[in-house]
Amino acid sequence: MSGEVTVTGFGVRTAFGVGADALRRGVFAGVPSFTATTRFDTGPYRTAVAGAAVDGPGGVEGWALRHALAECGAEALSMAGLAPGAEAAVLLGVAGDHTSVTRYWRGAGLDGQFGSVVAGCAVPRAPEKTPVRGTSTGAKSVADTVPATDTQRVADTVSATDTQRVADIVPAAASKRPADTASATVSQRVADAVPARLTELLAGELGLVGPRLTFTNACVASAAAIIHACRLISSGRIDVAVCGGGYLVEEETFGKFDSGRALSRDGMVRPFSADRSGLLLGDGVAVVVLESAEHARRRGARSLAGVVGWGAASDAHHIAQPHPEGVGLARAARQAMRLAGDPDGSALDYVNAHGTGTKYNDGAETRGLRAAFPERAESIPVSSTKSTTGHLLEAAGVVEFVITMLALTDGVLPPTAGYTAPDPECDLDYVPNEPRGTDARRALTVNAAFGGANTALVLERP
């Protein structure tokens, strides 16, 4: 590499709570976060369970994706010692916040008290078995803090026509009803479904000046954001990048995974076990600050971990299933290890697996890791933290990046919770059920997504 990349700050939020200590109490203790969620009516679905934060007064609105990203971003900048106005690229992996879209088109309005108008016709509310709680707070909108010059900027990965059509999402009839304050508020939040808008809001809230990129490639989105930032930093094009991702459990995606019969019906996720039955979705938001090592040294910043390798590959095998031999994952892992100067993985101490707990993923991932490290696969501990957090979708890459970094700095490997019986197709060391002390110096974290996309990142303890 022409330039070293280091991590100098992070902020993270999961169903366990805010910050590293919440991860230690949950992920590293092997305690699953899964419980029945009351954010929406789960009656029509095969399961009611998710790794979602407990809902309470103000809980849903407080967990609006824009607010959670801003909170994690502020924590990351504070830890890194960077002030508002800093020159930094902002790269975000996110699919948008669809909560308000669902609520709007169902005619629920704010707090479930108002209907909506579409093309001049009133739309009645859909009956709900479990009302959505706490959707009204006095929280200041992130958009209110964005400078005018920033709000006019278009994220680099989205065309101008896309951003200009944000208003088209909201029916004209609704936008012309100034008296209906609740409906107008919901209409404004509907725009948060546009991924690039969340990147703009985050950059504006943090007061950062620099390029802005949005990645929407499903479950590798935030990992792809980190990889792109590492490429920019190592090539000398930028000095600082703020990378993040977020997903909060909401009904639209929950319904899609339920329809695909991908969700575990018994409320548990058992990655790599013979009796695994599916995944569960979970809340996850994280932001990390990446810098060139030289830039961090000049300003006296503490390095939390080095990012010494990265790789990305696509096998294009199937829209939803991984290649059965894990070809893309193996290729991404080998790229990352070659860049790290260790093509055989001789210095690799741990792998944070994608580990969804689905029939197709876990066997394919095991074979992919064996292909990547044919001489060492059986001796490298591998665990899936989705067994405790659930699948965080676009946020999986960055949250698991933080978890992997904590494993190195704390000297503890997070377990694969819920592990029961071994599967002949999954025959590696999966750190079953209990955390494990370690002197690990290097770790690999891998992710995979629909369409055959795969990512790999290598972290090293300072």
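What share of the contacts in the protein with a separation of 6 or more comes from residues 24 or more positions apart? Such residues account for 80% of these contacts.

**Figure 1. Overview of the predicted model.** The secondary structure of the protein consists of 16 helices and 17 strands. The protein has 462 residues, and 60% of them count as buried. Its accessible surface is about 17,400 Å², with 53% belonging to carbon and sulfur atoms.

**Figure 2. Contact of helix H10 with helix H16.** Two packed helices are described by the angle between their axes and the distance between the axes. Helix H10 covers residues 221–234 and helix H16 covers residues 396–410. Their axes come within 5 Å and cross at roughly 70°. Angles of 65 to 115 degrees count as roughly perpendicular, and H10 and H16 are therefore roughly perpendicular to each other. From H10, the residues in the contact are Ser 222, Ala 223 and Ile 226. They meet Ala 396, Gly 397, Val 398 and Phe 401 of H16. By class, five residues of this contact are nonpolar and two are polar, with no charged residues.

**Figure 3. The aromatic pair of Phe 40 and Phe 254.** Six aromatic pairs are found in a search of the whole structure. In the pair of Phe 40 and Phe 254, the ring centres are 5.2 Å apart and the planes stand at 65°. Planes over 60 degrees apart count as edge-to-face, so this pair of Phe 40 and Phe 254 is edge-to-face. Phe 40 lies in the loop between strand E3 (35–36) and strand E4 (49–50), whereas Phe 254 lies in helix H11 (residues 251–259). The pair therefore ties together parts that are 214 residues apart in sequence. Both Phe 40 and Phe 254 are buried. Ring pairs also link Tyr 45 with Phe 40 and Phe 254 into a cluster.

**Figure 4. The aromatic pair of Phe 257 and Phe 450.** The ring centres of Phe 257 and Phe 450 are 6.2 Å apart, and their planes are at 20°. Planes under 30 degrees apart count as stacked, so the pair of Phe 257 and Phe 450 is stacked. Phe 257 lies in helix H11, and Phe 450 lies in the loop between strand E16 (442–449) and strand E17 (453–460). The pair thus ties together parts that are 193 residues apart in sequence. Phe 257 has a relative accessible area of 13% and is buried. Phe 450, with a relative accessible area of 46%, is partly exposed.

Methods:
Residues numbered from 1 in each chain as written. Predicted model: local features only at pLDDT ≥ 70, side-chain atom pairs only at ≥ 80, totals over all residues. Heavy atoms only, no water. Helix = DSSP H or I, 4+ residues; strand = E, 2+ residues; numbered from the N terminus. Buried < 20%, exposed > 50% of the residue type's maximum accessible area, 1.4 Å probe, protein only. Contact = heavy atoms within 4.5 Å. Areas by Shrake-Rupley, 256 points an atom, 1.4 Å probe, with all protein chains shown as cover. Axes fitted to C-alpha atoms, helices over the stretch in contact; angles between N-to-C directions. Parallel < 35°, antiparallel > 145°, perpendicular 65-115°, else oblique. Nonpolar A, V, L, I, M, F, W, Y, C, P; charged D, E, K, R; others polar. Phe/Tyr/Trp six-rings, centres within 6.5 Å; stacked < 30°, edge-to-face > 60°.
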